[in-house]
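This report examines how the parts of one protein chain are held against each other. Please keep the structure in view while reading.

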Amino acid sequence: MGEGEARPYLEAGEEHLRLEEWPQAEDAFRKAVALDADSAIARSKLGVALARQRRLDEGIEALQQAIQLNSRYAAAYSNLGNVYREQGRMDEALRAYQQAIEADPDYWVAHQNLGTLYKEKGRFTEAVGEFRKATRLSVRGPGGARRGCFGPSATVLLGLLLVLVVLLR
């Protein structure tokens, strides 16, 4: 058994996450883990599905298992940070986001999550810096599929955040 056999379940789980069908996503990711026990991706996605069902401790456990399987898997650290943030464990969330960025400095989602955490902590200058990095990293070249993680409305919001930082000084 391995990655090939698990792929259909990973894809099904992703679709269930997109549709916010958390129990079905959990089921699909558990099947993927059963077929490929060494898949950090399957365990990380399982952690997300569990956390979305408010089973935060179980989500943390699955995400930590993903990190044990692949300590360079930035998405698992970032997802772990999200669960810690949900629990109000802000210092641990901060460390998890920083570890995600250490694992993959180009992982824009971790920069976006770190920016959100900084904003929540009132650290607006640092938040703006992380949002800028996320925006820059999410934009792909002419052959890329994605033109940015933020749409025009987010650009306006980023501008407003910059104005707020200046006004608060």
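In which helix do Glu130 and Lys133 lie, and how many residues apart are they? Both lie in helix α8, three residues apart, about one turn of the helix. The model discussed here is a predicted one.

## Helix α8

The side chains of Glu130 and Lys133 meet in a salt bridge, with 3.5 Å from N to O. Glu130 is buried, with a relative accessible area of 9%, whereas Lys133 is partly exposed at 33%. Other buried residues of α8 include Phe131, Ala134 and Leu137.

The 15 residues of α8 should span 21 Å at 1.5 Å a residue, and this agrees with its end C-alpha atoms, which are 21 Å apart.

In soluble globular proteins, nonpolar side chains tend to be buried together. Here the largest nonpolar core has 29 residues, and Leu80, Val83, Tyr84 and Leu114 have the most contacts inside it. Helices α3, α4, α5, α6, α7 and α8 each supply at least two residues of this core. Apart from this core lies another, of 15 residues, among them Leu17 and Trp22.

Leu114 touches Leu94, Tyr97, Ile101 and Glu130, leaving aside residues up to four places away in sequence.

## Salt bridges

The whole structure holds 12 salt bridges. In one of them, Glu14 pairs with Lys45, the closest N and O atoms being 2.5 Å apart. Glu14 lies in helix α1 and Lys45 in helix α3, so the pair ties together parts that are 31 residues apart in sequence.

Arg54 forms a salt bridge with Glu86. This pair links the loop between α3 and α4 to helix α5. Arg54 is exposed, while Glu86 is partly exposed.

Note on methods. Residues numbered from 1 in each chain as written. Predicted model: local features only at pLDDT ≥ 70, side-chain atom pairs only at ≥ 80, totals over all residues. Heavy atoms only, no water. Core = buried A, V, L, I, M, F, W, Y, C linked by side-chain atoms within 4.5 Å. Buried < 20%, exposed > 50% of the residue type's maximum accessible area, 1.4 Å probe, protein only. Helix = DSSP H or I, 4+ residues; strand = E, 2+ residues; numbered from the N terminus. Contact = heavy atoms within 4.5 Å. Expected span 1.5 Å × (residues − 1). Salt bridge = Lys/Arg side-chain N within 4 Å of Asp/Glu carboxyl O.
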